[in-house]
Amino acid sequence: MKQKHIDKIRSFNRFYTRLLGVLNRRYMGSSFCLPEIRVIQDIFLHLDRSAKEICVELNMDKGYLSRILKKLEQQGYICRTTSEVDGRRDVISLTESGVVIYHELNESADTSVRDIYGGLTEDEQLSLISHMEAISRLLVKRNYK
């Protein structure tokens, strides 16, 4: 890959992370950082998820995930139970408080998208979405998730 291409991709990545505010310690004004939010989201979207499966899905270091899960458990947002199918496997799920937090975070994310992209015309929004889908297709085709 040419260095000028690398530079342009890295420049876009810096722009986009700044635009989204993902480098803020507390993302979207919540008390959570982005990795914690992604873990909460993954647990909500995938029932009967093990820590190992979360690690794989989010491509997250297992030590880092372990610390996040411990924190979320201490805060009362998740619980661990033994799988009914495989007694050697712990299943992680959201508590009632965790589900409430998920919905609050999800609404905040929707609001953030409206704030960032809502000023675009319908045609501009469709064009942007089309380009995002093209990026996803290109990278998935090359086995990147």
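Let's start in helix α1, where F12 and Y16 sit 4 residues apart and so are separated by about one helical turn. Helices here are DSSP runs of H or I with at least four residues, numbered from the N terminus. Before going on, keep in mind that this is a predicted model: local features need pLDDT of at least 70, side-chain atom pairs count only at pLDDT 80 or more, and totals for chains, interfaces and linings use all residues. Residues are numbered from 1 along each chain as its sequence is written, and side-chain values use heavy atoms, with hydrogens and water left out.

Now look for ring pairs, meaning rings of Phe, Tyr and Trp (its six-membered ring) with centres within 6.5 Å; planes under 30 degrees apart are called stacked, over 60 edge-to-face, and the rest tilted. The whole structure has 4 aromatic pairs. In one of them, the ring centres of F12 and F15 are 6.1 Å apart and the planes meet at 50°, so this pair is tilted. Both residues belong to helix α1 (residues 3-20), 3 residues apart, which is about one turn of the helix. How are the rings of F12 and Y16 arranged, then? Their centres are 5.6 Å apart and their planes are at 15°, so that pair is stacked. Put together, ring pairs join F12, F15 and Y16 into a cluster.

F12 is partly exposed at 43%, F15 is partly exposed at 39%, and Y16 is partly exposed at 24%.

Finally, hop over to S50, in the loop between α2 (34-45) and α3 (51-58). Is S50 buried or exposed? With a relative accessible area of 8%, S50 is buried. Contact means heavy atoms within 4.5 Å, and, leaving aside neighbours within four places in sequence, S50 is in contact with R89, D90 and I92.

Conventions. Helices (H or I, at least four residues) and strands (E, at least two) are DSSP runs, numbered from the N terminus. Buried means under 20% relative accessible area, exposed over 50%, partly exposed in between (1.4 Å probe, protein chains only).
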